[in-house]
Amino acid sequence: TVIDMCASPSSKTGLLSHLVGANGLVVANEPNPARLETLRANMRHLGLPNVITLSERGEDLRLGENGASHILVDAPCSGWGTEAKNPNVRQIWHEGNVQGLIALQRRLLTRAAQLLRPNGCLVYSTCTTNPQENAEQIAWAVQELDLEVEPLSAPAGVECESRGLQDGLLQVQGQKSQSQGFFIAR
């Protein structure tokens, strides 16, 4: 069982569905009703019968604790890594107003840690380059939620920032990787 806590529009959910195979289950959660409809339409279009959808606040997911072997938290974030396509993102989400997002990310991580089976795998990702939403969140999760970081290696062709990051955390440099900037930790 895999939980995708912040699932829409569905590209990661679709990939998870293929990875778990016919005998696996993906629980895809999207609290926003309009985005939920997009998620459901995409799942129908792809013909993925091993995906069920929920529409709850991720931090309040009513699922059994310690039941999921894998959880993806692709958290709502400031989106600084999307600056190339969203030039105003730093004006909208400047350092002075991201505290609400940081608090939400921590609530999502807390609920994910409760839902995760012992020795399960939790992946946290964002599309921001803001250290407060990335490496600092992981440091908080290790300290407060008793989670451990499992190191990740950058895939071939992907350039990652290494300054100030704990080993195994990936902060993708968007321009150098010909992509958006994003962060991922396991």
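## Pockets, cores and salt bridges in a predicted model

Helix H1 gives the largest share of the lining of the largest pocket, six residues. The model is predicted.

**Pockets.** The largest pocket has a volume of about 1100 Å³. Its lining has 44 residues, and Cys6, Lys12, Asp74, Ala75 and Ser125 are the closest to its centre. H1 (11-20), E4, H4, E5 and E8 each supply at least two residues of this lining. By class, the lining of the largest pocket has 24 nonpolar, 12 polar and eight charged residues.

The second largest pocket holds about 390 Å³ of space. Its lining has 20 residues. Nearest its centre lie Leu116, Gly120, Leu122, Leu147 and Glu148. Strand E5 supplies the largest share of this lining, eight residues. H4, E5 and H5 each bring at least two residues to the lining of the second largest pocket. Its classes are 13 nonpolar, two polar and five charged residues.

**Cores.** Nonpolar side chains tend to be buried together in soluble globular proteins. Here the largest nonpolar core has 25 residues. Ile3, Met5, Ile71 and Val73 have the most contacts inside it. A second, separate core has 13 residues, among them Leu16, Val26, Met43 and Val123.

Which residues does Ile71 touch, not counting residues up to four places away in sequence? They are Ile3, Met5, Ala112, Leu115, Leu116, Cys121, Leu122 and Val123.

**Salt bridges.** Side chains of opposite charge can pair when their charged atoms come close. The count comes to 10 salt bridges. The table gives some of them.

| Salt bridge | Closest N and O atoms |
|---|---|
| Glu30 with Arg35 | 3.6 Å |
| Arg57 with Asp60 | 2.7 Å |
| Glu65 with Arg111 | 3.1 Å |

The Glu65 and Arg111 pair links distant parts of the chain. Glu65 lies in the loop between E3 and E4, and Arg111 in helix H4, 46 residues apart. Arg111 counts as buried because its relative accessibility, 9%, is under 20%.

Arg57 and Asp60 are both partly exposed. The relative accessibility of Arg57 is 48%. For Asp60 the relative accessible area is 38%. Arg57 and Asp60 also belong to a network of salt bridges with Glu59 and Arg107.

**Glu59.** Is Glu59 buried or exposed? Glu59 has a relative accessible area of 14%, so it is buried. This residue lies in the loop between strand E3 (51-54) and E4. Leaving aside neighbours within four places in sequence, Glu59 is in contact with Leu104, Arg107, Leu108 and Arg111. Of these contacts, Arg107 is linked with Glu59 in the salt-bridge network, and Arg111 forms a salt bridge with Glu65.

Key:
Residues are numbered from 1 along each chain as its sequence is written. This is a predicted model: local features need pLDDT of at least 70, side-chain atom pairs count only at pLDDT 80 or more; totals for chains, interfaces and linings use all residues. Side-chain values use heavy atoms; hydrogens and water are left out. A nonpolar core is a set of buried Ala, Val, Leu, Ile, Met, Phe, Trp, Tyr and Cys residues joined through side-chain atoms within 4.5 Å. Buried means under 20% relative accessible area, exposed over 50%, partly exposed in between (1.4 Å probe, protein chains only). Contact means heavy atoms within 4.5 Å. Helices (H or I, at least four residues) and strands (E, at least two) are DSSP runs, numbered from the N terminus. On a 1 Å grid over the protein atoms alone, a cavity is a set of points where a 1.4 Å probe fits but cannot get out, and a pocket is an open set with protein on both sides within 12 Å along at least five of seven lines; lining residues have an atom within 4 Å of a point. Grid points are joined across faces, edges and corners, and a volume is the space filled by probe spheres set on the points. Ala, Val, Leu, Ile, Met, Phe, Trp, Tyr, Cys and Pro count as nonpolar, Asp, Glu, Lys and Arg as charged, and the others, Gly among them, as polar. A salt bridge is a side-chain nitrogen of Lys or Arg within 4 Å of a carboxyl oxygen of Asp or Glu.
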